[in-house]
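Visitor: I have a model open here and would like to talk through it with you. Could you take my questions as they come?

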Amino acid sequence: MRKMNQKSGQFNRLLIGGTSSGCGKTTFFCALAQAFVNRGKKVSSFKCGPDYIDPMFHKEVIGAQGANLDRFFSGELLRYSFADAAKELSLIEGVMGFYDGEDFTLRGSSCSIAQELKTSSVLVVDGRGSALSVFAVMQGFLNFAPNNTIRGFLLTRVAESTYQSLSKLAENFLPKGVKLYGYLPKLPEDLILGSRHLGLVTASEVKDLQEKLARLAQICEQCVDLDGLEALAESAPPLSYTEPEIPSYPPITVAVARDEAFCFYYAENLKLLERMGAKIAAFSPMRDSAVPKDADALYFGGGYPELYADILSANSAMRESVLKAVQDKTPTVAECGGFLYLNKMLGDKPMAGVLRGTSEYTNSPVRFGYVTLTAKEDTLLLQKGDSLRGHEFHYFECSDSGSDYIVTRHDGQSYAAAFANEWMYAGFPHIHFYSNIRSAARFYEQCLKRKEQKVEDGCVKRSTEH
């Protein structure tokens, strides 16, 4: 798709990375974001990599959806993805350990994202059970790769006295321009965010989340050099980016399933459809009795439908409404958890029955990682031979996962998967429109065609009745 002229902007930005998963990075990130929001800053938040759970916590803090920064998905549009959502202060949460990328390389790592965005990085280090040894960890990260953008560290799970002793020694063990910016002490159990097989529990499941964030922000005010972090963010150089040409269309309504069972979405996908002219209308397969009457398309994201299978199954009115809408060729996208819902059975619970598969939980990831989907024939999202990138991470297996796309893993292995035709995409992979904006345009155009057809059918029906 043709690109517009290159642009440039001054964005105050800072990446908060970590030495590994589980070091307390997300908790620290949310605490910092809440502290800056409490100071009256307009904060935007970003997540490196394909994760869609951490951004849900970010949203609870800043009150608005951020964006994923993923080179595999966005390619040359990575900087645009950032610039499009940036505000007065942009905070970026890293993924895994700072240097952990695809296939044991730096590709897609927090380090590579920081380099691409020319942003300083501050790493969270778990100081539990250590003293002087934390400087060995810091020195290792500083020396591991050139041009790594690391300008500071934050410690977690350390006592105030330990931190004060370490801060006095910092200039002896850290190079000029790199400093300690503060710490979080060992937190009480009620402030620790829980986890399950796909990562953290979702934000909506955390009891009294706003109260927890407020308490964490207060701790940050006492234990973190917030002024210093803000100054570091303000020191970021101007950033150039290329803005894509996004087509504009007549309005449509895209009904998006949003409740506890369906909450995993890439915000950029929905925002892109809105830019094209769509209205996003949320509905709940758990609580509503039917899909929105004005829906020109249905979008079922991922989530944890297995946790709410009883409720989803008991809502027979919604299941029948979904089945009728898809049978009526309403353009439909269903990813992972949404795909499970469209099938006949989830465990022993009846689902929408659009597809005939049965799904069962396994005790380990069935497929995990980046994928590229290539169409065998013309479909809702892609023309024959075109491709779209996505990500798979699921513990469920389905008796029939489809075969309409060729799915190629990042390691080169490929297999047939997903159900796709002119009005439906349903499969385990979560798709990302920034990997092929033309795919989003094709989806929109197919929605318009179906909308026009329904109007024509309605006119013919009324004419016949008279």
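Visitor: Which residues in H12 are buried?

Guide: This is a predicted model, so what follows rests on computed values. In H12, the buried residues are Met318, Arg319, Ser321, Val322, Ala325 and Val326. They share one side of H12, because they cover an arc of only 160 degrees around the axis.

Visitor: And what does the face turned away from the buried side carry?

Guide: That face of H12 carries Glu320, Lys324 and Gln327, which are exposed.

Visitor: How far apart are the end C-alpha atoms of H12, and what span should its residues give?

Guide: Helix H12 covers residues 316–327, and its 12 residues, taken at 1.5 Å a residue, should span 16 Å; the end C-alpha atoms are 16 Å apart, so the two values agree.

Visitor: What follows H12?

Guide: Lys329 follows H12, and its phi is positive, near 65 degrees.

Visitor: Switching to strands: is S15 covered on both faces or open on one?

Guide: Both faces of strand S15, residues 297–300, are covered, with Ala297 and Tyr299 buried on one side and Leu298 and Phe300 buried on the other.

Visitor: Which strands are joined to S15 by bridges?

Guide: Strand S12 (residues 252–257) is joined to S15 by 3 bridges, and the two run parallel; within that pairing, Val256 has Tyr299 of S15 as its bridge partner. Strand S17 (residues 332–335) is also joined to S15 by 3 bridges, again in parallel, and here Leu298 has Thr332 of S17 as its bridge partner.

Visitor: What about the open sheet, in which order do its strands come?

Guide: The open sheet has 4 strands in the order S19-S18-S20-S23, with mixed pairing. Its edge strands are S19 (349–350) and S23 (396–398), each of which pairs on one side only. Between S18 (residues 345–346) and S20 (residues 358–361) there are 2 bridges, and these strands run parallel, with Thr358 in S20 as the bridge partner of Met345.

Visitor: Now aromatics. How many pairs does a search of the whole structure find?

Guide: The search finds 28 aromatic pairs. One of them is formed by Tyr99 and Phe144, and it is tilted, at 4.8 Å centre to centre with 45 degrees between the planes. This pair links distant parts of the chain, 45 residues apart, since Tyr99 lies in the loop between strand S5 (89–93) and helix H5 (110–117), whereas Phe144 belongs to helix H6 (residues 133–144).

Visitor: Is Tyr99 buried or exposed, and what about Phe144?

Guide: Tyr99 counts as buried because its relative accessibility is 10%, while Phe144 counts as exposed because its value is 58%.

Visitor: What sort of pair do Phe262 and Tyr341 form?

Guide: Phe262 and Tyr341 form an edge-to-face pair, 5.4 Å centre to centre and with 70 degrees between the planes. This pair also links distant parts of the chain, 79 residues apart, with Phe262 in strand S13 (residues 262–264) and Tyr341 in helix H13 (residues 337–342). Phe262 and Tyr341 are both buried.

Visitor: Which residues do ring pairs link into a cluster?

Guide: The cluster consists of Tyr361, Phe368, Phe393, Tyr395 and Phe396, linked by ring pairs.

Visitor: Last one: what lies over the face of Phe72?

Guide: Arg389 lies over the face of Phe72, at 4.2 Å from the ring centre.

Notes. Residues numbered from 1 in each chain as written. Predicted model: local features only at pLDDT ≥ 70, side-chain atom pairs only at ≥ 80, totals over all residues. Heavy atoms only, no water. Phe/Tyr/Trp six-rings, centres within 6.5 Å; stacked < 30°, edge-to-face > 60°. Buried < 20%, exposed > 50% of the residue type's maximum accessible area, 1.4 Å probe, protein only. Lys NZ or Arg CZ within 6 Å of the ring centre and 35° of its normal. Pairing = 2+ DSSP bridges. Expected span 1.5 Å × (residues − 1). Arc of directions from axis to C-beta.
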